Amino acid sequence: MKRVVVDHFGGPEVLRVVEDDDPRPGLGEVCVRVLAAGVSFTDAQLRAGTYLGVPKPPFTPGYELVGVVEELGPGCSRLSEGDRIGALTVWGADAERVCVPEAEAVKVPEDLDPAEVMSLVFTYMTAYQLLHRVAKVRSGETVLVHGAAGRVGTAILELGAQAELRLYGTASAHDRAAVERLGAEAIDYRGEDFLARVRELPGKGVDVVLDGLGGAVSLRSFRALRPGGRLVLYGHYATLSHGHKSRRAWVEWYAATATLWLWGLLSTRRRVLAYRIQKMRDRHQVLPVAGGHRALPVGGGPRDPDGFREDFRALLELLREARIHPVVAERLPLSDARRAHEMLERSAVKGKLVLVP
């Protein structure tokens with residue numbers, strides 16, 4: 001079979017496709033023939049070595065997949081050969097065949113586009129759980145979304161409209177129209193001060209800020225909260241600069257995050273919350289550190305498998321009812337993994353990039 005490999009941390013040029021033996025499932029695992037694997041900014045962070053918990057190279061990237069079960073390992077009874085499933089892998093999905101824990105796989109309807117369903121596994125799941133499991137939004141609340149034109153940002157706006165929220169989104173001036181088409185008020189993060197803008201609102205701020213950037217932006221996001229507000233941190237995209245790891249940005253991210261936790265502890269009227277979609281496989285790792293452990297075939301399943309399955313069913317229903325619209329920007333063969341990563345910067349607003357082995 002073919003799989004993508006990161007030999008060492010860096011830009012898209014470090015990706016290569018290799019031939020390897022077909023994997024065999026171990027205890028509690030199923031072997032899956034991959035139909036669709038996503039390419040996202042999180043994959044770029046894995047490749048660059050900036051993602052918390054990323055293994056030491058060599059490893060295969062790929063955060064999510066949809067595929068067909070070809071072989072059951074010992075102890076498997078919930079799934080059958082031929083079942084179509086989705087899986088959160090964190091890394092390892094960019095291959096023709098992947099072994100994943102049966103307990104972490106979710107069944108996928110066969111009559112839906114695998115690439116669209118694959119977007120639910122990570123992108124829309126992140127958005128849904130940020131809103132409903134962490135921020136616990138209520139109808140009529142005001143929410144500020146950073147990176148609103150990206151894939152997770154777009155999903156938040158779609159799901160936020162379903163929840164009857166008043167939405168504001170930071171984006172570039174070029175992406176303003178895309179954000180406003182989804183019912184949000186766009187804020188040009190280069191030409192406007194988002195803090196000044198939201199402080200003009202009744203209540204002098206917003207109820208919720210969803211921040212996947214981190215660093216200095218997070219400190220200003222906390223100040224954008226009105227009394228009773230919640231800041232949810234869920235990413236650190238600011239640590240990636242032109243496709244490569246920024247050590248200065250990492251230092252700023254850690255300093256800002258520590259400051260925010262202190263502010264959250266001292267504040268009686270505003271809260272700081274964190275979200276991470278997956279559990280770590282290394283149980284001895286208290287604080288995930290980039291490049292901190294050996295590479296496993298796949299990285300980690302959802303933190304709450306039961307909640308993940310429940311939320312996945314809710315998202316499937318929204319997809320069937322055409323109330324959400326995952327957009328596939330382009331489908332590329334596995335051999336074009338490097339080109340897919342090179343396209344990330346300019347394709348995020350257009351839709352999801354999908355590798356089709």
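Modeller: Two strands pair if DSSP finds at least two bridges between them, while helices (H or I, at least four residues) and strands (E, at least two) are DSSP runs, numbered from the N terminus. This is a predicted model, in which local features need pLDDT of at least 70 and side-chain atom pairs count only at pLDDT 80 or more, whereas totals for chains, interfaces and linings use all residues. Residues are numbered from 1 along each chain as its sequence is written, and side-chain values use heavy atoms, with hydrogens and water left out.

Colleague: In what order do the six strands of the open sheet lie?

Modeller: The order is β10-β9-β8-β11-β12-β15, with parallel pairing. At the edges are β10 (185–188) and β15 (271–274), each of which pairs on one side only. Neighbouring strands of this sheet are turned by 20° against each other on average, direction ignored; axes here are lines fitted to C-alpha atoms, for helices over the stretch in contact, and angles run from 0 to 180 degrees between N-to-C directions.

Colleague: How many bridges join β8 and β11?

Modeller: Strand β8 (residues 142–145) pairs with strand β11 (residues 206–211) in the parallel sense over three bridges, and V145 has L210 as its bridge partner in β11.

Colleague: Which strands does helix α6 lie across?

Modeller: Contact means heavy atoms within 4.5 Å. Helix α6 (residues 216–223) lies across β11, β12 (225–233) and β15, and runs at about 155° to β12.

Colleague: How should I read the length and the burial of helix α3?

Modeller: For length, the expected span of a helix is 1.5 Å times one less than its number of residues. Helix α3 (residues 151–162), with 12 residues, reaches 17 Å from its first C-alpha to its last, close to the 16 Å expected. For burial, a residue is buried under 20% relative accessible area, exposed over 50%, and partly exposed in between (1.4 Å probe, protein chains only). Because 10 of the 12 residues of α3 are buried, this helix is largely enclosed by the rest of the structure; among the buried residues are R151, I156 and L159. E164, which follows α3, has a positive phi, near 60°.

Colleague: How many aromatic pairs does a search of the whole structure find?

Modeller: Rings of Phe, Tyr and Trp (its six-membered ring) pair if their centres lie within 6.5 Å, and planes under 30 degrees apart count as stacked, over 60 as edge-to-face and the rest as tilted. The search finds four aromatic pairs. In one of them, the rings of Y51 and Y63 have centres 5.9 Å apart and planes at 85°, so this pair is edge-to-face. Both Y51 and Y63 are buried. F222 and W263 form a tilted pair, at 5.5 Å centre to centre and with 50° between the planes. F222 lies in helix α6 and W263 in helix α7 (residues 247–266), so the pair ties together parts that are 41 residues apart in sequence. F222 counts as buried, at 9% relative accessibility, whereas W263 is partly exposed, with a relative accessible area of 31%.

Colleague: Which residues form one aromatic cluster?

Modeller: Y51, Y63 and F122 do.

Colleague: How is the protein divided into domains?

Modeller: Domain bounds come from an automatic or database domain assignment. Domain 1 covers 2–120 + 282–355 and domain 2 covers 135–274, with 26 Å separating their centres, taken over C-alpha atoms.
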